[in-house]
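Morning, everyone. Please have a look at the structure on the screen, and then I'll walk you through it.

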2 protein chains.
Amino acid sequence: MATVKKHTTFGEQLRQLRETAGMTLREVAANIEIDPSLLAKIERNQRQPTKHLIKNIADFFSVNEKELLEEFLSDQIAYKILDEKADLNILKVAEEKVAYIKTLRNE
Amino acid sequence: MATVKKHTTFGEQLRQLRETAGMTLREVAANIEIDPSLLAKIERNQRQPTKHLIKNIADFFSVNEKELLEEFLSDQIAYKILDEKADLNILKVAEEKVAYIKTLRNE
DNA sequence: TTATCTTTGGACAAAATATGTCCTGAATGG
DNA sequence: CCATTCAGGACATATTTTGTCCAAAGATAA
């Protein structure tokens with residue numbers, strides 16, 4: 001993510017990319033072909049970008065698409081934990097389940 | 001979760017609860033007031049239980065509702081990682097984001 | 001102040017996703 | 001054979017999410 005500081009939300013990183021480029025919402029929105037209002041919402045984490053949109057964003061700002069996708073996924077998980085007021089240890093459990101389900105599928 | 005072995009899926013744990021009780025899908029489904037087919041799908045992780053259903057299941061089998069909910073949430077995260085073929089390190093990132101977002105909200 | 005441009009945010013239609021039921025068929029066990 | 005359980009497809013319904021439009025608030029400059 002080059003010049004973007006880590007562990008902020010997807011939306012904040014996107015805003016930072018835009019501000020670093022010195023562009024307005026309208027300008028960026030036009031380039032990635034969405035309504036400026038939608039872009040504003042995504043920057044404030046009020047709407048989630050589709051995968052297609054993430055690709056367009058990555059292309060437009062020349063950042064790695066896979067990394068941007070991972071930023072988005074980790075955001076989703078973080079917000080789920082917060083929404084559900086879940087204990088952080090469920091992440092450890094989830095990790096173990098991933099390993100378990102993988103073994104199930106290789107049978 | 002008493003007699004249920006850990007780190008299997010929510011569905012498998014549910015099936016185990018039912019089989020330990022020596023009951024059929026139809027019997028349990030009748031008690032928790034859903035279609036047996038839906039219960040079968042939940043046991044095979046083809047449908048996700050609603051929170052209300054999780055409560056009914058917890059009540060019926062006398063297991064801790066909060067723990068059952070956590071089992072369900074960790075399942076959801078595990079399946080998301082698998083579906084997206086995401087790297088496990090996004091869990092670490094998600095954990096840091098949770099902390100970060102919490103600080104944001106206390107301002 | 002006025003004019004202009006940017007950003008925020010509500011309302012809502014449209015699209016996408018998920019839930020729950022019905023039904024058919026395979027498998028098992030009297 | 002008959003009865004019962006479980007698997008799984010199809011599908012209507014319900015719920016959730018997305019994306020747009022529009023109005024208003026906030027900035028900035030003249």
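First, a term. To compare copies, we superpose them by least squares on the C-alpha atoms of residues with pLDDT of at least 70 in both. And keep in mind that this is a predicted model.

Now the two chains. How is chain B laid on chain A? By a turn of 180 degrees, with a shift of 0.0 Å along the axis. The RMSD is 0.0 Å. That is the relation of a two-fold axis. The same surface serves both copies, too: 100% of the contact residues of chain B recur in chain A.

Next, the interface. On chain B, 25 residues are in contact with 25 residues of chain A. Which elements of chain B give two or more residues to that side? They are α5, residues 65-83, and α6, residues 89-105. The largest share comes from α6(B), with 10 residues. By class, the side of chain B that touches chain A divides into 14 nonpolar, four polar and seven charged residues.

Take α6(A) and α5(B). Their axes are 8 Å apart, and they pack at an angle of about 55 degrees. The two helices are therefore oblique to each other. The crossing of α6(A) past α5(B) is right-handed.

Who meets whom? From α6(A) we have I90(A), L91(A), V93(A), A94(A), K97(A), V98(A) and I101(A). On the α5(B) side, they meet E70(B), L73(B), S74(B), D75(B), I77(B), A78(B), I81(B) and L82(B). Count this contact by class, and you get 11 nonpolar, one polar and three charged residues.

Stay on α6(A) for a moment. K92(A) lies in this helix too. Now look from K92(A) to L53(A). They are 39 residues apart in sequence and 30 Å apart in space, C-alpha to C-alpha.

Last stop: a pair within chain A. Helix α4(A), residues 51-61, and helix α5(A), residues 65-83, have axes that come within 9 Å. They cross at roughly 130 degrees. That makes α4(A) oblique to α5(A). This crossing is right-handed. From α4(A), the contact uses I54(A), K55(A), I57(A) and A58(A). From α5(A), it uses E65(A), L68(A), L69(A) and F72(A). Six of these residues are nonpolar, none polar and two charged.

That's the tour. Over to you for questions.

Definitions and conventions. Residues are numbered from 1 along each chain as its sequence is written. Chains are lettered from A and ligands numbered from 1 in the order in which they are written. This is a predicted model: local features need pLDDT of at least 70, side-chain atom pairs count only at pLDDT 80 or more; totals for chains, interfaces and linings use all residues. Two residues are in contact if their C-beta atoms, placed from the backbone, lie within 7 Å. Axes are lines fitted to C-alpha atoms, for helices over the stretch in contact, and angles run from 0 to 180 degrees between N-to-C directions. Helices (H or I, at least four residues) and strands (E, at least two) are DSSP runs, numbered from the N terminus. Angles under 35 degrees count as roughly parallel, over 145 as roughly antiparallel, 65 to 115 as roughly perpendicular and the rest as oblique. A crossing is left-handed if the near helix is turned anticlockwise from the far one by less than a right angle, and right-handed if clockwise. Ala, Val, Leu, Ile, Met, Phe, Trp, Tyr, Cys and Pro count as nonpolar, Asp, Glu, Lys and Arg as charged, and the others, Gly among them, as polar.
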